[in-house]
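Student: Please take a close look at one part of this model, the nonpolar surface patch, and then go on to the salt bridges and the helix packing.

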Amino acid sequence: MRRSSLPALWFSNGVVSTAGAAGFVAIPWFVLEATGSAARVGVVTAAELVGLLLAAALSGPVIDRIGPSRIAPVCDVAAALCLSAIPLAHASTGLTLWSLTLLTGAFGALREPGQTARRVALPRVVDATGSTVERGAGGMDAAFRAGQLSGAPAAGSALALFDPAGVLWFSAAALLLAALAVLYALWRLPAVGGSEREGLRREFAAGFGYLRRDRLIMWVVVLLSVTNLLDMSFMAVFLPTYAARVLHSPVALGVLSGALGGAALVGNLLFTWLGARVRRRRALFVLAFAFGPIPPHAAMAFGAGFPALFGVVVVGGLAAGVINPILAATSYERIPVELRGRVLSLTTLVAQMGTPLGVLLGGFAVEGIGLRGTVVCTSLSYAAVLLLPLFGASWRELNRPEPADHEVGVATAGRRAEVAE
């Protein structure tokens, strides 16, 4: 396999992330221009999110059966067709609400299996190219964050120059580019020699059974489900409310949001560069967690002005950018190759399914006990969650395995199966 396969996999991941973020902006704008109905915007956006969550729940066994090298490009092309069908149908036969909802839901549902397939393939690409799992995981998360950061602003800028249909066409073209990149990255990835196929019910049960057996991965999923809920409240409710009521500036909101995302991207890149040298991942994870999400909440609780909050957000973003790559690297090392599709899709589902609830709870909490009281509670919630990796016995296994463990296959559950290929 070519050494350039790993950067190609990163690139494809970033392009899909960019196209998804752009579509999340362009599709609602398209609906508003076409219908003028905010209610229809809500229906269509909800359909995309529901499609994404359903795909996360159901796609795992399919990825494990067919293989990521086939699933990823097929899903990218299919998602591009769904996206391009929206302006095409609008210009030709006309779009009804139900057809637009189905196309948008399919777009969300097809993006998720492609992204999961890339994550499933990553450890094997890392092995084949002679890289390290820390570098692979850090690069994947950095590419995803870069796409999220650039996709929405790019779509907003493009909407000032083109109509929404043109932006959707560009997003569809980006997905086709991602399909070509992932084909290049995974072209010579060998097929996984697996066990006999069972019914879907048993295959799902095998994924859940692994989560029950591997206590570290189970606790990782619990931690992510809580922190993602809190993170969504911060980004969607707390930070905008603070910018409006305390800083009195929408510009401050944009600068702080951009600084947080940009600093997290830098943190990803630093881990990509230096992560393989860190063996005590647990200590680094605790430090990143302590200096990542907690300080911005605490700063708002103390009524920090813009300069102080900006500094805290930058430091917090740098630290937070290390968290996901550490957890991803550990997951890739531990999850057996034949179960990766099911387990990774289940972890995505559980980790993300509480985010809509987080926005609702955050809004009600701000209205009920005030912004300051709410961010004090969330700071304490983060601190309570931090007790899991700080004192939990299973979290000791977060540390990087010793070289000897890699050689005999003790620490990495899927290593032996991959080398056998």
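Tutor: W273 sits in helix α10. This is a predicted model, and every value below is computed from it. The relative accessibility of W273 is 54%, above the 50% cut-off, so the residue counts as exposed. W273 is one of the residues that make a nonpolar surface patch of about 430 Å². Helix α10, which covers residues 250-274, supplies the largest share of the patch, with 4 residues.

Next come the charged pairs. The structure holds 9 salt bridges, among them the one between R281 and E134, where the closest N and O atoms are 2.4 Å apart. R281 belongs to helix α11 (residues 281-291) and E134 to helix α6 (residues 133-161), so this pair ties together parts that lie 147 residues apart in sequence. Both partners, R281 and E134, are buried.

R281 also meets the side chain of E333 in a salt bridge, at 2.8 Å from N to O. E333 is in helix α13 (residues 306-334) while R281 is in helix α11, so the parts tied together here are 52 residues apart in sequence. E333 is buried, as is R281. Through shared partners, the salt bridges join E134, R281 and E333 into one network.

Another salt bridge pairs R245 with E367, with 3.3 Å between the closest N and O atoms. R245 lies in helix α9 (residues 215-247) and E367 in helix α15 (residues 355-391), so the pair links parts 122 residues apart in sequence. R245 has a relative accessible area of 46% and is therefore partly exposed. E367, at 60% relative accessibility, counts as exposed. R281 and E134, by contrast, are buried.

That leaves the helix packing. Two packed helices are described by the angle between their axes and by the distance between those axes. For helix α4 (residues 68-91) and helix α7 (residues 164-186), the angle is about 170° and the axes are 8 Å apart. Angles over 145 degrees count as roughly antiparallel, and α4 and α7 are therefore roughly antiparallel to each other. Sorted by class, the residues in the contact of α4 with α7 are 21 nonpolar, 3 polar and 1 charged.

Technical notes:
Residues are numbered from 1 along each chain as its sequence is written. This is a predicted model: local features need pLDDT of at least 70, side-chain atom pairs count only at pLDDT 80 or more; totals for chains, interfaces and linings use all residues. Side-chain values use heavy atoms; hydrogens and water are left out. Patches are made of residues with over 30% relative accessible area and no salt bridge: like charges are joined within 9 Å, nonpolar side chains (Val, Leu, Ile, Met, Phe, Trp, Tyr) within 5 Å. Accessible areas come from the Shrake-Rupley method with a 1.4 Å probe; for residues, only the protein chains shown count as cover. A salt bridge is a side-chain nitrogen of Lys or Arg within 4 Å of a carboxyl oxygen of Asp or Glu. Helices (H or I, at least four residues) and strands (E, at least two) are DSSP runs, numbered from the N terminus. Buried means under 20% relative accessible area, exposed over 50%, partly exposed in between (1.4 Å probe, protein chains only). Axes are lines fitted to C-alpha atoms, for helices over the stretch in contact, and angles run from 0 to 180 degrees between N-to-C directions. Angles under 35 degrees count as roughly parallel, over 145 as roughly antiparallel, 65 to 115 as roughly perpendicular and the rest as oblique. Ala, Val, Leu, Ile, Met, Phe, Trp, Tyr, Cys and Pro count as nonpolar, Asp, Glu, Lys and Arg as charged, and the others, Gly among them, as polar.
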